[in-house]
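Work through the following exercises with the coordinates open beside you, and settle on your own reply before reading each solution.

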Amino acid sequence: QQGSKQEQQQERRGRGPMAAAAMEPHWVSGLVAGTTTAAVFSPVDRALFLAHVHKRPFLQPANFSRPFQGINQVMLQRVVSSGLCFPLEDLMRRTCPVGGAPGSAAHNFVSGTAAGAVIAILTNPLAAITAQRWSGSASGNMAQVARRMWAQGGLAAFHRAIGATVARDVIWGGTFSTLRHGLPQFLAAPVASLHCDGSVDADAGVARGLPPGRPV
């Protein structure tokens, strides 16, 4: 009977809204996040790029002309990056053989850096195409620019500045994974022994010479 009650409780929990939300595909969140960030930050990213390339002030109007040039590959890059983030990070946490005990801060950090490195390698070709279009050194749509890059430089043309991309995403991935799993535990630790009525665990109160159920 006790076993059947536990199974019923697990079944009820499995049908709850939290379980349904957990089963929602990660790529949906990635699609929304990638589309939104691309639309909002692409003009700023392009202005920063042009200001650096042409050695001119960031707020110069020329940097903001055609602010959505190359928005297609920017959006694709961000959607791929955001959509892969959670599944890859979860996969790395389950399979990463280094970094200490699973769930530890070190293991979370190593898993996040591994996921960030994979995302950087997969998305750097899209960033290289974007840079070619923004710099004005290549004209045409994304497919035309990619074919021209392949003809001129082969695979190496799509991995320019990959070291900086990997370094950025490794730092971001490690920080993200550490905070994602460590911060909730850190915030929950001070109240883990508190009851709903605000009293401390009864065993702790008895250990200090207080009657059971009396607030400390």
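**Exercise 1.** Find where helix α5 bends, and state which proline follows.

Solution. In this predicted model, α5 bends by about 40° at Thr123, and the proline that follows within four residues is Pro125. Moving on past the end of α5, one reaches Gly136, whose phi is positive, near 85°.

**Exercise 2.** Determine whether the end-to-end distance of helix α4 agrees with its number of residues.

Solution. Begin with the count, which is 25 residues, running over residues 71-95. The expected span is 1.5 Å times one less than that number, so α4 should span 36 Å. The C-alpha atoms at its ends lie 35 Å apart, which agrees with the expectation. As a further step, look along the axis for a kink: one of about 40° lies at Cys85, shortly before the proline Pro87. Cys85 is also among the buried residues of α4, which include Gln77, Gly83 and Leu88.

**Exercise 3.** Describe the largest pocket by its volume, its lining and the elements that supply that lining.

Solution. Start with the volume, which comes to about 960 Å³. Next take the lining, which consists of 35 residues, with Gln77, Arg78, Ala127, Arg168 and Asp169 lying nearest the centre of the pocket. Two or more lining residues come from each of α3 (26-54), α4, α5 (105-135) and α7 (162-188), and the largest share, 10 residues, is given by α5.

Notes
Residues are numbered from 1 along each chain as its sequence is written. This is a predicted model: local features need pLDDT of at least 70, side-chain atom pairs count only at pLDDT 80 or more; totals for chains, interfaces and linings use all residues. Side-chain values use heavy atoms; hydrogens and water are left out. The bend at a residue is the angle between axes fitted to the seven residues ending there and the seven starting there. Buried means under 20% relative accessible area, exposed over 50%, partly exposed in between (1.4 Å probe, protein chains only). On a 1 Å grid over the protein atoms alone, a cavity is a set of points where a 1.4 Å probe fits but cannot get out, and a pocket is an open set with protein on both sides within 12 Å along at least five of seven lines; lining residues have an atom within 4 Å of a point. Grid points are joined across faces, edges and corners, and a volume is the space filled by probe spheres set on the points.
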